[in-house]
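Q: Please take a close look at one part of this model. I would like to follow its aromatic residues and the strands around them.

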Amino acid sequence: MEIIHEYAKVRSDFGRQCLFSDRHVEMLVDIPPNPKLALQFVLKTTRDLGVQGCFEMSEHEVNTDRFEHENQGINHLEGGWPKDINSLEMEQTIRFKKKVEKDEIYMNSVLVLGELIAQCVGQNNAVDIYQEYFKNEQLLDELQEVPSIEIVNKYRDRSKVKRSVTCFSWQPGGGAKLAAAYSCLDSQKFTADMSADSYIWDMMSPNYPQAVLQATSQLVCLTYKPRDLNTLVSGCRNGQIMLWDARAGHQATGVSPLEESHTDPVYKTMWLESDEAFSASTDGQILWWDVRHLSKPIERLILDIKRKDDLDNALGAISLGYTATSPNMFLVGTEQGAVLSCKRAAEIPTERIICTYDGHHGPVYALQKNPFFPQNFLTVGDWGARIWSDEIKETAIVWTKHQNANLTDACWSPVRPSVFVTVNMDGWLDIWDILFKQNDPTISFKVREEPLCTVQVHEAGSKVACGSQLGVISLMKISSGLCTEQNNEQDLLSEILEREAKREKVLKAQRGGDEGETDDQTLKELILKPEYDFYNLLDSEQRRKQWDSRQRHYK
């Protein structure tokens, strides 16, 4: 063992050495007890004290960071052709197909496979493998289910300065993608350095958008093209129209010139059956566009109710209603509260505005035709929602009672004709079923603390998406009873709408008769009649008091 370090100390520094030895017990001091000191003794009061014999614990919460993942796809091209055949050349492919069809091996293979396919087709025709045996029982259980809503996912605006979600569009064909437009329409809060990006979200990926639409100006509205999974048309805050292809990257594939576009924000865009779309803006114009050539609008309609095409007197448009069943007819909701019924192809240009519905006291924020009954449409403005009929212009046939907060958007359910959804400024989402009750919503759900701006129901009817003022999209799942059509629901709703329309017609006829009678009376009689009734009431009250005083006097 090796000595590493040695400590040394002088013996004198240790002090006196202690010597110990064994010896007997020896008493050094004996102090006897003093009785006087016992009188000073104070007995202490007993006290119970509880002691917890366990360790002190503390509760802590930890929120881990989300793992962000990206979806990547592969585009498979047509393959299997020989190297000397170009699949893009139609003549070469047709020539090669004819050559293969004459081959004996190909013909024998087709004959063998044909027998197997014929056997499978015969089995499918003999037995209906998709037959539902317990359809009625399942529907009964769904109808008895209590209506419910639950939040499935949330999608947040990725920009630092939060913007409002102003428009939604679900991917057609029941797709799982949701395109959302983000913009700030408040001029006092808008700044030039705000982000102009909008996003396309996948329902299963709330952390990162699947595609980013990088526009030159903030998008106020956007709409998927029917039966096209990748093409969208959008309206911008500066009035331009943009065409997007989700496969072409982040930039727009077509942009309208600023001098040929709207002069105010474009609040609504809708597709026609072909490659045409039309847009509405608060500048008082409806513009039709050929999306293949956005250099100039193909048609223009000025919303002047005096039919003089005066842009200074035009009403600002903020909502549109259109269905493919009536391609020439459409509805326009204005910021003045009126709803205009318009016709695109009119013999005289001044007759393109057919009539006006006296809508709301404020802007008509939402306007949509019923997908099952196109002659009836839904509007939202001020504090309530109203259902109209094309035949009655003076008033709505069904309306909700005034809510505590302003309604901001509404839409019909695509699977149930009697159900529609509304959102308001207090952050509540209401689902209405007018077959069940009309005065109150079937279910109300508090989604956010901030105001909700827009709402859209998925084509399957089971999911609802709503956007808030702070850029948060909430995806909710509703109970099956609210998204499953009931037996004879269309017939029952048709009877209700027809009954309410007839009632309004009868009331209109009675009001017309009363007006005819009052025209025969003089204005002086109309003014004196309330005064005469008032004084008669005072005289009768005075006589009654005099009679009561006399009865008390005689007693």
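A: Start with a cluster: ring pairs link Tyr155, Tyr182, Tyr199 and Trp201. The model is a predicted one. A search of the whole structure finds 13 aromatic pairs.

Now the strands around this cluster. An open sheet is built from 4 strands, in the order 2-3-4-5, with antiparallel pairing. Strand 2 (164-170) and strand 5 (211-214) are its edge strands, and each pairs on one side only. On average, neighbouring strands of this sheet are turned by 20 degrees against each other, direction ignored.

Take the pairings in order. Strand 2 and strand 3 run antiparallel and are joined by 6 bridges. Here Ser169 stands opposite Ala179 of strand 3. The hairpin of these two strands has 6 residues between them. In that hairpin, Gly173 takes a positive phi near 75 degrees.

Strand 3 (residues 177-183) has 7 residues, and 6 of them are buried, so this strand is largely enclosed by the rest of the structure. With strand 4, strand 3 pairs in the antiparallel sense over 4 bridges. Across this pairing, Leu178 stands opposite Trp201 in strand 4. Trp201 is also one of the cluster residues.

Strand 4 (residues 197-202) pairs with strand 5 as well, again antiparallel, over 4 bridges. Tyr199 has Val212 in strand 5 as its bridge partner. Tyr199, like Trp201, belongs to the ring cluster.

Next, ring pairs elsewhere. Phe278 and Tyr322 have ring centres 5.7 Å apart and planes at 75 degrees; edge-to-face applies to planes over 60 degrees apart, so this pair is edge-to-face. Phe278 sits in strand 11 (residues 276-281), and Tyr322 in the loop between strand 14 and strand 15 (329-334). The two parts are 44 residues apart in sequence, so the pair ties them together. Both Phe278 and Tyr322 are buried.

Phe377 and Trp388 form a stacked pair, with 6.2 Å from centre to centre and 5 degrees between the planes. Phe377 lies in strand 19 (residues 376-381) and Trp388 in strand 20 (residues 384-389). They are 11 residues apart, and the pair links distant parts of the chain. Phe377 has 0% relative accessibility, so Phe377 counts as buried. Trp388 also counts as buried, because its relative accessibility is 0%.

Back to strand 14 (residues 317-321), which holds Ser319. Ser319 is at 4% relative accessibility and therefore counts as buried; the cut-off is under 20%. A polar atom of the Ser319 side chain lies 3.1 Å from the backbone oxygen of Val364. Leaving out residues up to four places away in sequence, Ser319 touches Lys268, Leu331, Val332, Gly333, Val364, Tyr365, Ala366 and Leu367.

Last, a helix. Helix 3 (residues 104-126) has 23 residues, which should span 33 Å at 1.5 Å a residue. Its end C-alpha atoms are 33 Å apart, so the two values agree. Asp103 caps the N-terminal end of helix 3. A side-chain oxygen of Asp103 lies 3.4 Å from the backbone nitrogen of Ile105.

Methods. Residues numbered from 1 in each chain as written. Predicted model: local features only at pLDDT ≥ 70, side-chain atom pairs only at ≥ 80, totals over all residues. Heavy atoms only, no water. Buried < 20%, exposed > 50% of the residue type's maximum accessible area, 1.4 Å probe, protein only. Polar contact = N/O pair within 3.5 Å; in protein donor to acceptor, adjacent residues only side chain to side chain. Contact = heavy atoms within 4.5 Å. Pairing = 2+ DSSP bridges. Axes fitted to C-alpha atoms, helices over the stretch in contact; angles between N-to-C directions. Expected span 1.5 Å × (residues − 1). Phe/Tyr/Trp six-rings, centres within 6.5 Å; stacked < 30°, edge-to-face > 60°.
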